Amino acid sequence: SADANAMGYQSADANAMRCVYIAGDTCQAAFEKAIKMEIITREVCLSATHDISIMSIGGKRFIVLEHAPHPSWHLMMAREPKAVRIFKETMCTLNGMRLWCAGRNDISAYVDEALGDLAQVTTARATARTFVTELLYGVPTGRFLSKHAHLRHMDAHKPEVQALMTKWHGASVLHSILTCGRLYTDLVSHDPALERWYGELGVKFNTFMCGSV
């Protein structure tokens, strides 16, 4: 069930707020449905950068990390470097949340401390989400539709990636490139092949990317 993967743990302090980790797409979808049904209430967003909020259910308040992959995902991806990095970032973020539960000051400071050397690039990647959502949806919110949540982890903070996204957006095929398969994980290395197929297919490129010509 979704509940089995919505991982939560309690700090050593019995009075501390419970930390909840929404692990994977199925859990995230169930969690969002519970919010829409008003079973769960989002009280405040503590960090848009790290997708951390305080929620409540039945009078019980808890701190939540959303849009994080399942903890086994990096293993299913054969320990692909990007998947391992995302796993490490997620675990560090949870450690920062645990520390915040004891101190209750600026949560970003706790998370950044837990992230260590990963903090700078994690923040840059999160900030660049506004660039991606403006291209995809026309609004720089930095928040993706559930079906596009995987794009949170792309390296859109890199100038070369932003340049390619701008190029393909101008050709009206960016949506197909980012949402079909795993091309989004490394646009730079895939760009020569994309150029070749776009040159051969022209207006049929979007249809080709979505499964058939």
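Reader: What is the relative accessible area of tyrosine 198, and how is tyrosine 198 classed?

Author: Start with the scale. Buried means under 20% relative accessible area, exposed means over 50%, and partly exposed lies in between (1.4 Å probe, protein chains only). Tyrosine 198 has a relative accessible area of 28%, so it is partly exposed.

Reader: What kind of model is this, and how are residues numbered?

Author: This is a predicted model, in which local features need pLDDT of at least 70 and side-chain atom pairs count only at pLDDT 80 or more, while totals for chains, interfaces and linings use all residues. Residues are numbered from 1 along each chain as its sequence is written, and side-chain values use heavy atoms, with hydrogens and water left out.

Reader: Where is tyrosine 198, and what does it touch?

Author: Two conventions come in here. Helices (H or I, at least four residues) and strands (E, at least two) are DSSP runs, numbered from the N terminus. Contact means heavy atoms within 4.5 Å. Tyrosine 198 sits in helix H10. Leaving aside residues up to four places away in sequence, tyrosine 198 touches Trp168, Ala171, Val173 and Phe205. Its C-alpha atom is 12 Å from that of leucine 174, 24 residues apart along the chain.

Reader: How many aromatic pairs does the structure hold, and how do I read one?

Author: A pair of aromatic rings is described by the distance of the centres and the angle of the planes. Rings of Phe, Tyr and Trp (its six-membered ring) pair if their centres lie within 6.5 Å. Planes under 30 degrees apart count as stacked, over 60 as edge-to-face, and the rest as tilted. The structure holds four such pairs. One of them joins tryptophan 168 and phenylalanine 205: the centres are 6.2 Å apart and the planes at 5 degrees, so this pair is stacked. The pair links distant parts of the chain. Tryptophan 168 is in helix H8 (residues 159–170), phenylalanine 205 is in helix H11 (residues 205–209), and they are 37 residues apart.

Reader: Are those two residues buried or exposed?

Author: Tryptophan 168 is buried, at 2% relative accessibility. Phenylalanine 205 is buried too, at 0%. Phenylalanine 205 also pairs with tyrosine 198, edge-to-face, with 5.6 Å centre to centre and 80 degrees between the planes.

Reader: At what angle do H8 and H10 pack, and how far apart are their axes?

Author: Axes are lines fitted to C-alpha atoms, for helices over the stretch in contact, and angles run from 0 to 180 degrees between N-to-C directions. Angles under 35 degrees count as roughly parallel, over 145 as roughly antiparallel, 65 to 115 as roughly perpendicular, and the rest as oblique. H8 and H10 (residues 187–201) pack at about 20 degrees, with axes 11 Å apart. H8 is therefore roughly parallel to H10.

Reader: Which residues make the contact, and what are their classes?

Author: H8 contributes Glu160, Val161, Leu164, Met165, Lys167 and Trp168. H10 contributes Leu187, Val188, Asp191, Leu194, Glu195 and Tyr198. For classes, Ala, Val, Leu, Ile, Met, Phe, Trp, Tyr, Cys and Pro count as nonpolar, Asp, Glu, Lys and Arg as charged, and the others, Gly among them, as polar. This contact has eight nonpolar, no polar and four charged residues.

Reader: How do H4 and H5 cross?

Author: The axes of H4 (residues 81–103) and H5 (residues 107–115) come within 7 Å and cross at roughly 135 degrees. The two helices are therefore oblique to each other. The contact involves residues including Cys92, Met97 and Trp100 of H4, and Tyr110 and Val111 of H5. By class, there are nine nonpolar, four polar and one charged residues.

Reader: Which residues have a positive phi without being glycine?

Author: Aspartate 51 is one of them, with phi at about 60 degrees. Aspartate 51 lies in the loop between strand E3 (41–47) and strand E4 (52–57), and is buried at 6% relative accessible area. Histidine 67 is another, at about 55 degrees. Histidine 67 belongs to strand E5 (residues 60–68), and counts as buried at 14%.

Reader: Where is histidine 153, and what does it touch?

Author: Histidine 153 is in the loop between helix H7 (129–137) and H8, and is buried at 15% relative accessible area. Beyond residues up to four places away in sequence, histidine 153 touches His67, Pro69, Lys82, Arg85, Ile86 and Arg125.
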